[in-house]
Amino acid sequence: MNLRKVLTVSRIFPWIEASDKDAAIREMVRLLAASRGVTEIGPLLAAVLAREAKESTALEHGIAVPHGKTDAVDDLFAGIGRVPEGVDFGARDGEPARILVMTISPLARTGPHLQFLAEVMRLLRDPVRRQGILDAPDAATILRLVVA
Amino acid sequence: MTHAVTVLMLQLAALLIAALFAGQLFERVLRLPRVLGELSGGLIVGPFLLGRIPIPGLHQPLFPLDQGGVLPVSVELYGIAVLASIILLFLAGLETDLPTFIRFSGVAGGVGLGGVVVSFVVGAGAAVVFLPGVRGFGDPQALFLGTLATATSVGITARILSEKRRMSSPEGVTILAAAVLDDVIGIILLAVVVALARVTDSAVDWAQIGRIALRAFAFWIGSTAIGILVAPWLVRGLKRLQSIEVIAGVSFGLALLLAGVAEMMGLAMVIGAYVTGLALSRTDVADEVREQLHGLYAFLVPLFFAVMGLMVDFSAIGPVLVFGLLFAVLGMASKIVGCGLPAMALGFNLRGALRIGAGMLPRGEVTLIVAGIGLSSGAIGSDLFGVAVMTLLVSSVVAPPLLSRSLDGPSGYRRADRAAADRGTRQVILKLPSPAAAEFLRGRIIAAFRGEGFFATRVDLKDPIYRIRHDEINISLVQDGASITLSTPVEHEQLVRLVLIEELVELKALMGGLETAAKEASDRLVDGLFEE
């Protein structure tokens, strides 16, 4: 899928500060909602936390993919966050999550929710690109690394 | 008018019932292809056997012989057979795996092309040598017999390969890819031959043949290229209507439209239908359209074979019986040599070459379509039409046991890199505790892909094999007992893994809740057993 259609610089959040997983998710949901002009984040947060409660969305190499489905959104909300200090997401390799890829999509409608995550995952297999995201000075550089 | 329609309805009833019963008999009892049964059904009720008996109340036989044209069937009935052949070729086009064709065009190209060229030359040559009055390769009779000799129908081969678990062997992959090429070349050849037969007599000059062939080829390649470019755009527009019935209906409408245009251009209608199918085959709705039209196909296609059967005139076959048998044997030999030699050049040993040759032997619907067009256009007579039916019969009886026996034994490939055909594909395998659990998860995986906007279609009614498509993404899912295997191009492996992870997470959550609820419910049910 074409990531340019979903990601813009306003949906890249390079400086997330959080002491734990819930706080990181809350901050990322707030930023993502704000980038779409949504102020009522309750249902969005509940959807992401409900999925996270079933099983951690932590993958490996410091990546986590918190996501959820709710009818409080009418199309795909997607963004990438960076937690410079890292936060424990319960990953199998024990690495704290530094790159968060988040999607929130409508419950009923079909849509490319996992395709977005899969496409980003495919790019993040590359260790050089992962390091590039961690070292990037700003959101625009991260976006370039992801959509290039 | 009313009388003609009444006769048509009675004819359709007799043909449909005879074709379906005979088809079942051939397939289940005689273990022969169903198409032969359907053909025989038509033959039995047709004007040369039972159909000639006058029916009380109707004041005529059910199938009167004299229909005032070259065919022993009415225009109305023949029209329905043409409609069936349009559906058949439209679906054949839709099933054509164009990317596989392009990917293997180097490997299987030689096999497909070799088979077509050798069998065409031998088929047309047999007409020139053995048939009085046929003066050269440019004669319509020679051209039709050459085209008849080329058509391969790999439906039977695919079934045998699948039964012997050789579908993904180098031979299996080569046969299936070569058959696509064979179909494409066969259709182009048919386009050229029909165009030629309509405008020429036997004293034709080669410059004229070249011009006509070029025009037919240009129409084919031009309309296919435009179709492939326009189809995704058209399907995107139609998808807005959110009705697969409308998409399938409009697609079939386009097949009919192009069939008409092809006919107006002096080509056969089936060419237009095939081109439409081919153009739509790369869109993600191809499988759904096929599924929507399956019902229509199931009724009309047996009718097509039955109508072809009722056109078989025994008295006309008698004088060409020896030629028919010779033609059938030569046709098979030319396929084995034409496909086998290039296969040997491509790395197969003699055993592999024989397997590939045998796999390309079966003939089917295309043979009959070519023969039917030849008969209706007057290019061939009832005698050569009978020869076509004999060819179909002989190859259908001989090819399956030959192929089945040839597949026993060691590999037919000389080279070590047998996995070359599967390069670029990844398999993700899930082992579940029981087939029932695998079936449940399979349903959820299919639903998850549909939720992502994919089209998922079961491609085999007997075994749980699915094709999951979205634009260019093509994934297959196979459930074998308690295991589920998803095959995906390497670039989409992440997606498959994510879908599976999500479904397993959901399944675990569901099972956790279910265990507690089931315990409580079971307790209540046991209590209820002893309540007064």
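# Close-up views of a two-chain predicted model

The structure holds 13 salt bridges over all chains, a salt bridge being a side-chain nitrogen of Lys or Arg within 4 Å of a carboxyl oxygen of Asp or Glu. This is a predicted model, in which local features need pLDDT of at least 70 and side-chain atom pairs count only at pLDDT 80 or more, while totals for chains, interfaces and linings use all residues. Residues are numbered from 1 along each chain as its sequence is written, chains are lettered from A and ligands numbered from 1 in the order in which they are written, and side-chain values use heavy atoms, with hydrogens and water left out.

**View 1. The interface between chain B and chain A.**
Contact, meaning heavy atoms within 4.5 Å, involves 19 residues of chain B and 16 residues of chain A. The size of an interface is often given as the accessible area lost when the parts come together. Here buried area is the accessible area (1.4 Å probe) that two parts lose on being put together, summed over both. By this definition chain B and chain A bury about 1500 Å² between them, with 55% of it on carbon and sulfur atoms. Glu452(B), Gln494(B) and Leu498(B) supply 38% of the area that chain B buries against chain A, more than any other three residues.

**View 2. Polar contacts and helices at the interface of the two chains.**
Seven residue pairs, both members at pLDDT 80 or more, are in polar contact between chain B and chain A. A polar contact is a pair of N or O atoms within 3.5 Å; within protein, one must be able to donate a hydrogen and the other to accept it, and residues adjacent in sequence count only if both atoms are side-chain atoms. On the side of chain B that touches chain A, helix 18 (435–451) and helix 19 (493–529) of chain B each supply at least two residues. Helices (H or I, at least four residues) and strands (E, at least two) are DSSP runs, numbered from the N terminus. Helix 19 of chain B gives the largest share of this side, ten residues. The residues of the side of chain B that touches chain A divide into seven nonpolar, four polar and eight charged. In this division Ala, Val, Leu, Ile, Met, Phe, Trp, Tyr, Cys and Pro count as nonpolar, Asp, Glu, Lys and Arg as charged, and the others, Gly among them, as polar.

**View 3. Salt bridges between chain B and chain A.**
Three salt bridges are counted between chain B and chain A. In one of them, the side chains of Arg51(A) and Glu502(B) meet at 2.9 Å, N to O. Arg51(A) lies in helix 2 (residues 42–54) of chain A and Glu502(B) in helix 19 of chain B, so the pair joins two chains. Arg51(A) and Glu502(B) are both buried, where buried means under 20% relative accessible area, exposed over 50%, and partly exposed in between (1.4 Å probe, protein chains only). A salt bridge also forms between the side chains of Lys508(B) and Glu55(A), at 2.5 Å, N to O. This pair too joins two chains, because Lys508(B) lies in helix 19 of chain B and Glu55(A) in the loop between helix 2 and strand 2 (63–64) of chain A. Glu55(A) is partly exposed, with a relative accessible area of 29%. The side chains of Lys54(A) and Glu506(B) meet in a salt bridge at 2.8 Å, N to O.

**View 4. A salt bridge within chain B.**
Arg444(B) forms a salt bridge with Glu503(B), and their closest N and O atoms are 2.9 Å apart. The pair links distant parts of the chain, with Arg444(B) in helix 18 of chain B and Glu503(B) in helix 19 of chain B, 59 residues apart. Arg444(B) counts as partly exposed at 26% relative accessibility, whereas Glu503(B) counts as buried at 10%.

**View 5. The surroundings of Gln494(B).**
Gln494(B) is found in helix 19 of chain B and counts as buried, at 14% relative accessibility. Leaving aside residues up to four places away in sequence, Gln494(B) touches Ala118(A), Met121(A), Arg122(A) and Arg125(A).

**View 6. Domain 1 against domain 2 in chain B.**
An automatic or database domain assignment gives the domain bounds, dividing chain B into domain 1 (2–61), domain 2 (75–406) and domain 3 (427–529). The contact takes 19 residues from domain 1 of chain B and 23 residues from domain 2 of chain B. These two domains bury about 1900 Å² between them, 86% of it on carbon and sulfur atoms. Between domain 1 and domain 2 of chain B the count of salt bridges is zero.
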